[in-house]
Amino acid sequence: MIRQDVYRIDPKRRTTLDHKKKQFAVPVFKQQDYPYRLNFYEIPPTAEITLEQFEQWAIDRLKVLAEIEACSYRNKSAAETAAHITPLLQKYLPLSSNTSSSSGAADQRLKNERQKDHYSHFILRLAFSATEDLRRRFVRAETMLFRFRFQQDDSREKRAFVESLNLDLEPVTEEEKSVLYEHLLSATPGLRRIDEETWYKVDWERVPELVERRSVFLSRGKAYVPSREQLSMIVAEFSSRLERALELTSRALPRLDEDDRLTPILNHLSKNFGSAESVYSEGEGVVDDAAITAQNIDKLSHHFPLCMRSLHMTLRKSNHLKHYGRLQYTLFLKGIGLSLEECILFWRQSFKGFTDDEFNSRYKYNIRHAFGDVGGDVNRRGRGYPPYSCQKILNDSNPGVGQTHGCPYRHFSVDNLIGLLQSTGVHDKELLRGVREDVEKTRYHIACNRVFEWTHKADIKRVKEDGSWSQTDLDTIVHPNTYFKRSYLLSQTQKTTKDT
């Protein structure tokens, strides 16, 4: 017979745990002093910031990451990507080196820059850890940003930063180098003598990029990495650590649901990763001194993005649009500077099959409501509804039978989309092939920007060459009204050049 007391635990030796400590660890906070320009983002921020800073810092970083991703999708070279994102980083996410600081004011500016970089990374980490796709895209974009900054960093600061990481790199001894002399030499293109390099031995999983390029010697699960390939080692380490951190963050996300201040902001950020949408400013799409009248809409329509041009073509063909199409188009026209009176006139002239009484009773009120002339809620201040952004148009429900609102790149079949593009004068086979590929991979805003760049390639080349437009003037378009304004202004620069 087995005695039960043999299996009893001595009460004096039993560990008693608080029920709260069984699930959650005690948070350990560490003040971040930012000694280096570069950051592996391993220490979460703990200081207080305002909700306005929380949202704006995240939006600024998101704009940079979205442009980096867009450059990758467009197959831009490293030099082209650097030229594109450098002014954006200066505008939205500047990050100075230690050598640029020589006064108290400069020290504070440097600290503020690094704090914004630190916090904005962790805010977006919260926003993009919910799904595997978002985590993958976030790691990819952040890794590209880190790589760019590492390459641009001061060599002395870069060396100090790497030493602070404690990467546990095992130096290859002189004896082992002599044994593997031929292997190391043949695995390192351009190397003449082994003693010209310092070599490190690491697990091959830590340098997947070098393994893929066949730029290192592999033996018994180890990769022999020369110091000249330090960048690949550091970048791979950054990427792997961030992947692990995002997995942990995703498990903590359910606890954020209780905070009704942060959850809506994080949801908004995650939904807009595709286009880095920011708050649309009133008057942002208006072109100064442009004649925006009901009579000129037909002439101006060739500057419209495909979503609005499709609505305009349908309107001219059938003399009518259904409710959501009218609303989407009305707000766009309002955003480019069409006044309420001119907008009413435009719709009245377009709806040729209706009498004045029918038009006034069925349609006029909705136009006035969109402009904020009547109604309450968002219209209380008389501003009406803002023009729809690309992201809102993409996220709206699919148009039904007879409806023409939405985004053609998303809501049309590929064949209908190609047919629509061809009807607007787009016939380049390589461009249409790229559009098909973008649509298949749900990169709708990239497809739209691809068409814009092809349509305006001569004008874009000219303003780049003469320096009249900066790179930030040509960043990725994420709003239909921005599309119109940029197209219109580019056409005006062409006229100015001819006049001179």
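The buried residues of helix α13 are G325, R326, Q328, Y329, T330, L331, F332, L333, K334 and G335, where buried means under 20% relative accessible area, exposed over 50% and partly exposed in between (1.4 Å probe, protein chains only). The structure is a predicted model, in which local features need pLDDT of at least 70 and side-chain atom pairs count only at pLDDT 80 or more, while totals for chains, interfaces and linings use all residues. Residues are numbered from 1 along each chain as its sequence is written, and side-chain values use heavy atoms, with hydrogens and water left out.

Because 10 of its 13 residues are buried, α13 is largely enclosed by the rest of the structure. Helices (H or I, at least four residues) and strands (E, at least two) are DSSP runs, numbered from the N terminus. Helix α13 covers residues 323-335, and its end C-alpha atoms lie 18 Å apart, in agreement with the 18 Å that 13 residues should span at 1.5 Å a residue; the expected span is 1.5 Å times one less than the number of residues. Just after α13, G337 takes a positive phi of about 115°.

Four strands form an open sheet in the order β1-β2-β4-β3, with antiparallel pairing. Two strands pair if DSSP finds at least two bridges between them. The edge strands, β1 (170-171) and β3 (217-219), each pair on one side only. Strand β3 pairs with β4 (residues 222-226) in the antiparallel sense over three bridges, and S219 stands opposite K222 in β4.

The UniProt record (unreviewed entry) places the feature "binding site" at C307, C390, C407 and C448. These residues are spread over 142 residues of sequence but cluster in space, with a largest C-alpha distance of 10.0 Å. The lining of the largest cavity includes C307, C390, C407 and C448. A cavity is a set of points, on a 1 Å grid over the protein atoms alone, where a 1.4 Å probe fits but cannot get out, and lining residues have an atom within 4 Å of a point. UniProt positions follow the numbering used here, feature names are shortened, and annotations may be inferred rather than shown by experiment.

C407 is placed in the loop between α16 (390-395) and α17 (408-411) and is buried, with a relative accessible area of 11%. Not counting residues up to four places away in sequence, C407 touches I393, L394 and F412, contact meaning heavy atoms within 4.5 Å. C448 is placed in helix α20 (residues 444-455) and is buried, at a relative accessible area of 15%. With residues up to four places away in sequence not counted, C448 touches Y409 and Y483.

Definitions and conventions: On a 1 Å grid over the protein atoms alone, a cavity is a set of points where a 1.4 Å probe fits but cannot get out, and a pocket is an open set with protein on both sides within 12 Å along at least five of seven lines; lining residues have an atom within 4 Å of a point.
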